[in-house]
2 protein chains.
Amino acid sequence: MVENFSEWFHNILEEANITDSRYPIKGMAIWMPYGFQIRKHTMEIIKKLLDKDHEEVLFPMLIPETELAKEGIHVKGFEDEVYWVTKGGQSELNEQLALRPTSETAIYPMYALWIRSHIDLPLKYYQIVNTFRYETKHTRPLIRVREITTFKEAHTAHATKKESDEQIKDFIEIYKEFFDELGLPYLISKRPEWDKFPGADYTMAFDVIMPDGKTLQIGTIHNLGQTFAKTFDITFEDKDGEHKFVYQTCAGLSDRVIASIIGIHGDEKGLRLPPKVSPNQVTIIPILFKKGKEEVLAKCMEIKKQLEAKGLRVNIDDRDIRPGKKFFDWELKGTPLKLELGPRDLENNITIAMRRDETEKIEITLDDNLDDNVCDLLNKTTNNLSKIGLKFQEEHYKFASSLSEIPKLIEDGNVVAFNWCGDTECGKAIEDETGYNILGIKEEISEGKCIASNEDAKYLALIAKTY
Amino acid sequence: MVENFSEWFHNILEEANITDSRYPIKGMAIWMPYGFQIRKHTMEIIKKLLDKDHEEVLFPMLIPETELAKEGIHVKGFEDEVYWVTKGGQSELNEQLALRPTSETAIYPMYALWIRSHIDLPLKYYQIVNTFRYETKHTRPLIRVREITTFKEAHTAHATKKESDEQIKDFIEIYKEFFDELGLPYLISKRPEWDKFPGADYTMAFDVIMPDGKTLQIGTIHNLGQTFAKTFDITFEDKDGEHKFVYQTCAGLSDRVIASIIGIHGDEKGLRLPPKVSPNQVTIIPILFKKGKEEVLAKCMEIKKQLEAKGLRVNIDDRDIRPGKKFFDWELKGTPLKLELGPRDLENNITIAMRRDETEKIEITLDDNLDDNVCDLLNKTTNNLSKIGLKFQEEHYKFASSLSEIPKLIEDGNVVAFNWCGDTECGKAIEDETGYNILGIKEEISEGKCIASNEDAKYLALIAKTY
């Protein structure tokens, strides 16, 4: 893991062609070509997981003020950070329109039209869109932005509370699979009452520990109960002929997933991309001399074709610069596997493979098994990155048995677990006293005393310095 | 082609689950699951074509007023239809922000930072984004909207005028290939001076003739010359050491492509989707009786697997409704090929295939060649839809040798070609007199007299009733 994460992160985004933050609006950046490809491959994974039993849709970006304002608790949670469109052309609009901060109030009035009967349930839609928050805090690309360019939001409606609770579990499984594929470790917790999504019954969240020890919330799942159903009058005729309100859930992911791929896997040399999301999974670097140049390049092309036939993304770096610079560049850009090929290698019918996550160089014979051998190395990289990530998380997860230990443990870059009675006032007191945020409840426990109130502890809770 | 296109189009969007226009903002609609899939597969085709030598990026959606206002001609063309964000949270913004109507003024200030030397050229980026126009005219889903949800815009920069002209030709070839893959006929013309893109040297456009005889602009390509380069100071150091302004082009496509797929190919029964963009390319309809139900369904699953292994998108409609209703639904939704399978077919080891574009029923043996036979039928559908589309265009393309013929020809649903001297005043007089719009110049000619001025004709021009 990198030292001085904040500076490293700032630099790598520009150096690796991920985003450019010089756009003339604070908190809004450009996805550059290399970053865009990482984003694309990452989104392909979640889409594939959701497409199994959700359907993709696309809602308008603007929300009329009357709709946004309908759900009182919800609007209260967002009103300070909504951007408003008030003018069209030269004229004032009759009603101001919100840039969506999230889409509940855009989607649910339509659910009220679409859902009529129990046969319309469950309804499971998702969309991937841009959303907007007028952040007054310090912004940081991909982490705290004013335009969230990649907001995946799923919205489901169910006939019973039980089914909605099952859906929450399904989402947790989907997110686990998603983050596992990205090699990201995570902590799952149930957010405390005072930090749940505005309008939700309860909120489950995935957090990662970034290299600086601060946690980053990278996925949230909310059981909305019947709050929005009652506000937007979303009812269905049940089998028994009665009209009932639906139970709803929603689940979100954002650009922050990319931030954590970059942050968790990166090292001092640059990115270390999990093969599944790397724009190039294999980068071939020809070592070119005047003599034998054509033959070496021809062989590189042949290798590329062989690997592409296996479904791999491969590029050849044939730039007219010294090989050392190429190695440097691709270490920075995090290509998982480099294959080096010079005239002597060609004579010996081998290529030198270098994994981004290991320093060892491996000779591979250029034969029919090359593609399988390459896939094998890529799988090893995938597993190793996961392992490194998990190890970091384990090393930065501590248990505190007294309140006074907490600040030091957190300042040392850890997330801290502690026994808690679960009482809201007690929780807020813990936050006040330590100066940090309770992430939430990790699990129920049946023994021990609360770290603060000394009552019987009900939960193992997590506290951390958060982004 | 359908009669009463306007009503048919309105109905089919809802019936086929393409879009829902009941969203509470005029001119902004929801992409429903089936429509979303058509949109997705359509965009995959253009992305694949562009990815060969363009790179995908993503710019912020908001543009500061100072940037938008910098290019005088450009802003004049858009100022009446820009939505403005003036408030963030409870406070007025220091500077109002435009919802992008198109992204030249978002992108080009960054090009000024990125382009330094001739080795940075050509620069070819594209993005697919939502854009906004405060339309005061009557809106119509996918055709005239206030949120263009699917705006593909490519922006290139070049060292010389010659290269920028070559780029225009490249874009024309890319668009041709794109529309050909969709089976869409098109007319290519150079827009008249008074109808070119605000800020462009010249504009090339692709139009289709919709079933009601009105033309719909579905693609535009602009040579921007050095207009924006001078405004945004986009310069490069050339090989000769001199600092020069770049030459730029841009090219756009929108939701209208989907509108024309629906409109051009549809018939009274519903959609007829080109296989490449159809959510399901093959729909299997089991004919189920109590006896032999399991066997029939098992065989359907087997066929599905066989076809999916060939890369086809296949669904089985096993709903518990009568087969006639299923046929009706899938004709409406335009699935290119239906395979019917009942117990007797299973005994005979056959399936009955029905192309959406033909009424004939074809027996296909259930053997190892089934997938090839199905692909063959899908290819025939693709070709036939193109042929039907082209025939319609040819039948609705007429030549007028006098001005007085034009209105009647256009009212009868035609696009009209005529000889023109090319003079702007003369062109505007033709528009005034006929009441229709000159689409542009189709080709240069060397004989004949202008239909209006009686001067020597320079061009074959097109005039039409436009959307």
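Helices are DSSP runs (H or I) of at least four residues and strands are runs (E) of at least two, both numbered from the N terminus. With these elements as landmarks, this report describes a predicted model.

**The chain and its copy**

Chain A contains 14 helices and 23 strands. Its C-alpha trace spans about 80 × 55 × 50 Å along the principal axes. For 467 residues, a compact globule would have a radius of gyration near 23 Å, and the 25 Å of chain A agrees with this. Buried residues account for 61% of the 467 residues in chain A. Among contacts in chain A with a separation of 6 or more, 67% are between residues 24 or more positions apart. The accessible surface of chain A is about 19500 Å², and carbon and sulfur atoms supply 46% of that area.

How is chain A laid on chain B? A turn of 180° with a shift of 0.0 Å along the axis superposes chain A on chain B with an RMSD of 0.0 Å. The two copies are therefore related as by a two-fold rotation axis. Of the residues of chain A, Val85(A) comes closest to this axis, its C-alpha lying at 2.0 Å. Because 100% of the interface residues of chain A are also interface residues in chain B, the copies meet through the same surface.

**Aromatic rings**

A pair of aromatic rings is described by the distance of the centres and the angle of the planes. Over all chains, the structure holds 38 aromatic pairs. One of them joins Tyr111(B) and Tyr125(B), with 6.1 Å from centre to centre and 70° between the planes. Planes over 60 degrees apart count as edge-to-face, and this pair is accordingly described as edge-to-face. Tyr111(B) belongs to helix α5 (residues 104–114) of chain B and Tyr125(B) to strand β7 (residues 123–132), so the pair links distant parts of the chain, 14 residues apart. Tyr111(B) is buried, at 0% relative accessibility, and Tyr125(B) is buried as well, at 9%.

A second pair, Trp420(B) and Tyr459(B), is tilted: the centres are 6.4 Å apart and the planes form an angle of 50°. Trp420(B) is in strand β21 (residues 415–420) of chain B and Tyr459(B) in strand β23 (residues 459–464), a separation of 39 residues. Trp420(B) is buried, at 3% relative accessibility.

In chain A, one aromatic cluster is formed by Phe59(A), Tyr108(A), Tyr111(A), Trp114(A), Tyr125(A) and Phe228(A).

Lysine residues also lie over the faces of tyrosine rings, as the table shows.

| Lysine | Ring below | Distance from the ring centre |
|---|---|---|
| Lys190(B) | Tyr202(B) | 4.9 Å |
| Lys333(B) | Tyr34(B) | 4.7 Å |

**Backbone features in loops**

Most residues other than glycine have a negative phi, and most peptide bonds are trans. Which peptide bond of chain A is cis? The bond from Leu121(A) to Pro122(A) is cis, with omega near -10°. Pro122(A) is placed in the loop between α5 (104–114) and β7 (123–132) of chain A. In chain B, the bond from Leu121(B) to Pro122(B) is likewise cis, with omega near -10°, and Pro122(B) is in the loop between α5 and β7 of chain B.

Asn454(A) is not a glycine, yet has a positive phi of about 65°. Asn454(A) is in the loop between β22 (437–444) and β23 (459–464) of chain A. Leu142(B) also has a positive phi, near 70°, and lies in the loop between β7 and β8 (147–158) of chain B. Are these residues buried or exposed? Asn454(A) is exposed, with a relative accessible area of 55%, whereas Leu142(B) is buried, at 5% relative accessibility.

How values were computed. Residues are numbered from 1 along each chain as its sequence is written. Chains are lettered from A and ligands numbered from 1 in the order in which they are written. This is a predicted model: local features need pLDDT of at least 70, side-chain atom pairs count only at pLDDT 80 or more; totals for chains, interfaces and linings use all residues. Side-chain values use heavy atoms; hydrogens and water are left out. Rings of Phe, Tyr and Trp (its six-membered ring) pair if their centres lie within 6.5 Å; planes under 30 degrees apart count as stacked, over 60 as edge-to-face and the rest as tilted. Buried means under 20% relative accessible area, exposed over 50%, partly exposed in between (1.4 Å probe, protein chains only). A charge sits over a ring if NZ of Lys or CZ of Arg is within 6 Å of the ring centre and within 35 degrees of the ring normal. Copies are superposed by least squares on the C-alpha atoms of residues with pLDDT of at least 70 in both. Contact means heavy atoms within 4.5 Å. The radius of gyration is taken over C-alpha atoms; the globule rule is 2.2 Å times the number of residues to the power 0.38. Accessible areas come from the Shrake-Rupley method with a 1.4 Å probe; for residues, only the protein chains shown count as cover.
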